[in-house]
Amino acid sequence: MDGKKQQKDWYRILGAEPYESQAELKLKYQKLALLYHPDKQSADMPAGEVEELVQRFIEINQAWKILGNEKTKKEYDVQRREDELMKNGLIYTVVHLEDMDWNDDEQCYIYRCRCGGEYLISKEDAKNTVSVVSCDTCSLTLEVLQ
Ligand SMILES: [Zn+2]
């Protein structure tokens, strides 16, 4: 661990998988939100348990706030993927294609590596949902998301 704040696994909180559609995530969220809603609990529940349920309810809502929005979900997915891959130390970073520079001369997208080298990917190769590109100088790789 490098001290970077570890994000919560919002998918796990919703009992969902990252590949599930927005509609599926929403269903899971709604089900859980209903289940853990403070108003739905019986009045004679011990205070400690109520506290736990409220915490859970807050988490579920935080998860949906992030995953229910296309923009924040996309950001979170990148962050999550990055964390995963950085653990094995082989990847430089994860970027979206739109964050790369288009080079008209070379007819490819370029991203600069920390070593001074470059990651190059052609339009054709960038059509995959996820492409892994090697640095032309060092041994790191770049993951490009569509
Ligand atoms: Zn490099």
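Modeller: Two residues count as being in contact when their C-beta atoms, placed from the backbone, lie within 7 Å. This is a predicted model, in which local features need pLDDT of at least 70, side-chain atom pairs count only at pLDDT 80 or more, and totals for chains, interfaces and linings use all residues. Residues are numbered from 1 along each chain as its sequence is written.

Colleague: Which residues does Ala 63 touch, not counting residues up to four places away in sequence?

Modeller: Ala 63 belongs to the largest nonpolar core, which has twelve residues in all (buried Ala, Val, Leu, Ile, Met, Phe, Trp, Tyr and Cys residues joined through C-beta atoms within 7 Å). With residues up to four places away in sequence set aside, Ala 63 touches Trp 10, Ile 13 and Leu 14.

Colleague: Which helix gives the largest share of this core?

Modeller: The core includes Trp 10, Leu 25, Tyr 29, Ile 60 and Trp 64. At least two of its residues come from each of the helices H1 (10-13), H2 (22-36) and H3 (47-67) (helices are DSSP runs of H or I with at least four residues, strands are runs of E with at least two, and both are numbered from the N terminus). The largest share, four residues, is supplied by H3.

Colleague: Seen down the axis of H3, within what arc do its buried residues fall?

Modeller: On one side of the helix, the cover over the buried residues of H3 includes H1, H2 and helix H4 (70-86). The buried residues in H3 are Ile 60, Ala 63, Trp 64 and Leu 67 (buried means 20 or more other C-beta atoms within 10 Å, exposed 12 or fewer, partly exposed in between). They line one face of H3 because, seen down its axis, they fall within an arc of 95 degrees.

Colleague: Against which helix do the buried residues of H2 pack?

Modeller: Leu 25, Lys 28, Tyr 29 and Leu 32 are the buried residues in H2. Seen down the axis of H2, these residues fall within an arc of 100 degrees, so they line one face of the helix. On the other side of H2, Ala 23, Gln 30 and Leu 34 are exposed. The helix against which the buried residues of H2 pack is H3.

Colleague: Which residue in the turn between S3 and S4 has a positive phi?

Modeller: Within the paired strands, Ile 110 has Leu 120 in S4 as its bridge partner. S3 and S4 form a hairpin with five residues between them, and the turn residue with a positive phi, of about 100 degrees, is Gly 116.

Colleague: By what distance are the C-alpha atoms of Leu 142 and Cys 113 separated?

Modeller: Leu 142, found in strand S6 (residues 141-145), is buried, with 22 other C-beta atoms within 10 Å. Its contacts beyond four places in sequence include Tyr 92, Tyr 111 and Val 133. Although Leu 142 and Cys 113 are 29 residues apart along the chain, their C-alpha atoms are separated by 8.6 Å.

Conventions:
Pairing = 2+ DSSP bridges. Arc of directions from axis to C-beta.
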